[in-house]
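Have the viewer open as you read, and follow along one region at a time.

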Amino acid sequence: MHAHAEPSTHTLRLVLGDQLHPGHRWFSRVDPAVVYVLMEVRQETDYVLHHAQKIIAIFAAMRDFARHLRAGGHRVRYVALDHPSNRQSITENLAALADRYGACRVEWQQPDEWRLDTQLSDWGASQPLDWAVVDSEHFLTQRDELAALMGHRKQWLMEHFYRHMRRRWHLLLDADGGPQGGRWNFDSDNRKRWPGTPPEPTDWRPRHDHRALWQMLQRAGVRSFGDPQADAMRWPVNRTEALACLDAFITHALPHFGDYEDALAADAPRLFHSLLSFALNVKMLHPLEVVRRAEAAYAAGRAPLAAVEGFVRQIAGWREYVRGIYWARMPDYASHNALNHETPLPDWFWSGNTRMRCLHLAITQSLQTAHAHHIQRLMVIGNFALLARLDPQALHRWYLGIYIDAFEWVELPNTLGMSQRADGGLIATKPYVSSAAYLRRMGDYCQGCAYDPMQKTGARACPFNALYWDFFDHHAPTLQDNPRLAIVFRQWQKMDDAQREALRAHAAQLRERLDTL
Ligand code: FAD
Ligand code: SF4
């Protein structure tokens with residue numbers, strides 16, 4: 001008997017770890033002259049220190065995707081991290097594989113990160129093979145669409161872009177083209193404190209045993225942090241699981257999503273958030289199918305308009321908007337530090353060991369689950385970082401490493417722009433900072449804290465309070481002409497000199513010993 005010779009290969013097609021989109025047109029037809037290449041490389045595990053769950057979940061999903069492609073009849077070359085032929089660099093592996101298969105053409109989907117986009121196109125230009133880049137067929141906008149729409153404006157307001165998206169995709173519109181319910185924005189109906197009912201839905205996500213993968217990563221010496229949860233990790237690794245998560249969210253959480261979108265609750269870390277960001281960002285789910293499902297729930301009377309509008313805004317609005325900012329402003333965007341903040345991150349960012357209960361809860365949860373919801377990221381961790389003048393680049397690396405959904409195109413504008421205002425206010429019309437009053441209003445984090453949210457100075461005073469006033473005092477030259485901050489500066493001016501001096505002194509002393517707070 002003769003062994004079958006491998007069919008001759010004409011083209012290699014690279015599938016990156018965040019391009020696991022089974023509906024992509026590449027996969028609609030089996031072509032024996034095409035080999036799909038997926039690879040686990042140190043280049044990707046090591047560009048920043050990652051949460052263990054992030055590395056495990058991406059590799060597990062890639063392995064699942066390779067199996068799915070093979071089952072569909074496609075030829076697949078999967079390069080495992082510990083395979084002896086692995087050169088640990090995407091482009092070096094591609095060059096070696098092209099040689100090995102005798103391919104004359106290499107194709108890849110548009111990468112979402114500037115880093116990979118540049119690496120691949122520089123490589124393409126420097127080698128003799130024919131190469132082409134195709135659309136990833138995931139987003140609702142092209143990379144340059146936001147810039148084309150907003151280029152002439154001083155401020156690139158999300159609200160303006162969002163209405164454009166609603167019209168363009170016919171989302172939640174009346175027959176005459178107006179917004180359903182007569183308003184574009186239901187934010188004022190949302191943002192309630194959660195009273196403890198309805199109960200947080202039980203965690204609907206699948207369980208996976210990834211111990212073998214985790215052991216392989218350890219053997220290979222891949223560095224990581226956070227809880228690997230290798231014996232029962234809860235992130236979906238394929239489209240079927242992601243769709244089940246979407247179903248569960250639409251049924252059990254969407255009806256309350258709007259009401260408690262901004263709430264904080266010590267015993268309900270997830271509340272009514274979707275936990276879909278990982279499945280969306282690695283492209284197991286398409287943003288349009290997700291928002292259409294939410295829209296259908298409203299049409300069927302199973303979720304209120306305020307909740308559905310709030311959810312659609314996050315995906316068709318914010319998600320596409322930050323991507324547009326990223327592509328319009330990279331690569332310079334990554335190095336912005338408009339407020340000149342340079343303080344290193346306190347050690348407790350890596351352990352959660354701080355007496356500030358809000359930060360202890362949000363960071364511990366992030367270390368355990370690789371997830372925190374938006375208000376924990378923005379108004380607890382990001383808020384403190386901005387008030388304490390932490391280095392935005394160090395913070396960016398922390399966010400990029402810790403969260404399961406963190407890919408630079410979405411993480412960087414959120415961290416550097418929205419949260420830290422390091423871009424000089426391109427995204428945020430005013431800084432997202434607050435004193436303890438906001439955190440106390442939005443949930444129960446302050447209950448049982450070692451600090452008192454009502455005190456401004458003194459040993460037990462909540463650090464957010466003095467740091468809040470100190471932030472505006474310090475940045476008055478840049479911020480005091482912002483009309484949205486007029487009330488804050490009026491309040492500051494109304495205080496007597498002694499009060500202002502006491503706040504300044506207390507804040508300076510807090511900033512001296514951030515590690516011990
Ligand atoms: P839900 O609250 O259920 O929201 C639904 C979906 O809307 C999310 O899955 C996400 O796809 C999208 N979304 C919501 N808010 C945003 C936003 N501001 N920007 C982009 N998409 C949004 N999101 C990421 O996907 N990756 C990141 O690395 C990331 N880093 C962030 C860093 C900071 C400092 C802040 C303030 C926010 C960040 N976000 C990031 C946005 C948001 O916090 C997460 O998308 C959300 O918490 C994910 O959980 P969820 O799927 O339960 O979201
Ligand atoms: Fe956080 Fe201050 Fe409340 Fe403590 S008192 S939980 S530090 S806001």
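Let's start with Arg143, which sits in the loop between strand 6 (130-134) and helix 5 (145-150). Helices (H or I, at least four residues) and strands (E, at least two) are DSSP runs, numbered from the N terminus. This is a predicted model, in which local features need pLDDT of at least 70, side-chain atom pairs count only at pLDDT 80 or more, and totals for chains, interfaces and linings use all residues. Residues are numbered from 1 along each chain as its sequence is written, chains are lettered from A and ligands numbered from 1 in the order in which they are written, and side-chain values use heavy atoms, with hydrogens and water left out.

Is Arg143 buried or exposed? Arg143 is buried, with a relative accessible area of 15%; buried means under 20% relative accessible area, exposed over 50%, and partly exposed in between (1.4 Å probe, protein chains only). Its side chain reaches the backbone oxygen of Pro111 at 2.7 Å, and a polar contact of 3.0 Å links the side chains of Arg143 and Asp117. A polar contact is a pair of N or O atoms within 3.5 Å; within protein, one must be able to donate a hydrogen and the other to accept it, and residues adjacent in sequence count only if both atoms are side-chain atoms. Leaving aside residues up to four places away in sequence, Arg143 touches Gln110, Pro111, Asp117, Arg323, Gly324 and Trp327 (contact means heavy atoms within 4.5 Å).

## Around ligand 1

Now turn to ligand 1, which is surrounded by 29 residues, each with a heavy atom within 4 Å of it. The closest are His273, Ser274, Leu275, Asn281 and His371. By class, the shell has 14 nonpolar, 11 polar and four charged residues. Here Ala, Val, Leu, Ile, Met, Phe, Trp, Tyr, Cys and Pro count as nonpolar, Asp, Glu, Lys and Arg as charged, and the others, Gly among them, as polar.

An oxygen atom of ligand 1 lies 2.7 Å from a backbone N or O atom of Leu275, and one is 3.0 Å from a polar backbone atom of Leu276. The protein covers 99% of the 820 Å² of accessible area that ligand 1 has on its own (Shrake-Rupley method, 1.4 Å probe).

## Domains

The protein is divided into domain 1 (11-134), domain 2 (144-328) and domain 3 (347-516), with bounds from an automatic or database domain assignment. Ligand 1 lies between domain 2 and domain 3, because both give residues to its shell.
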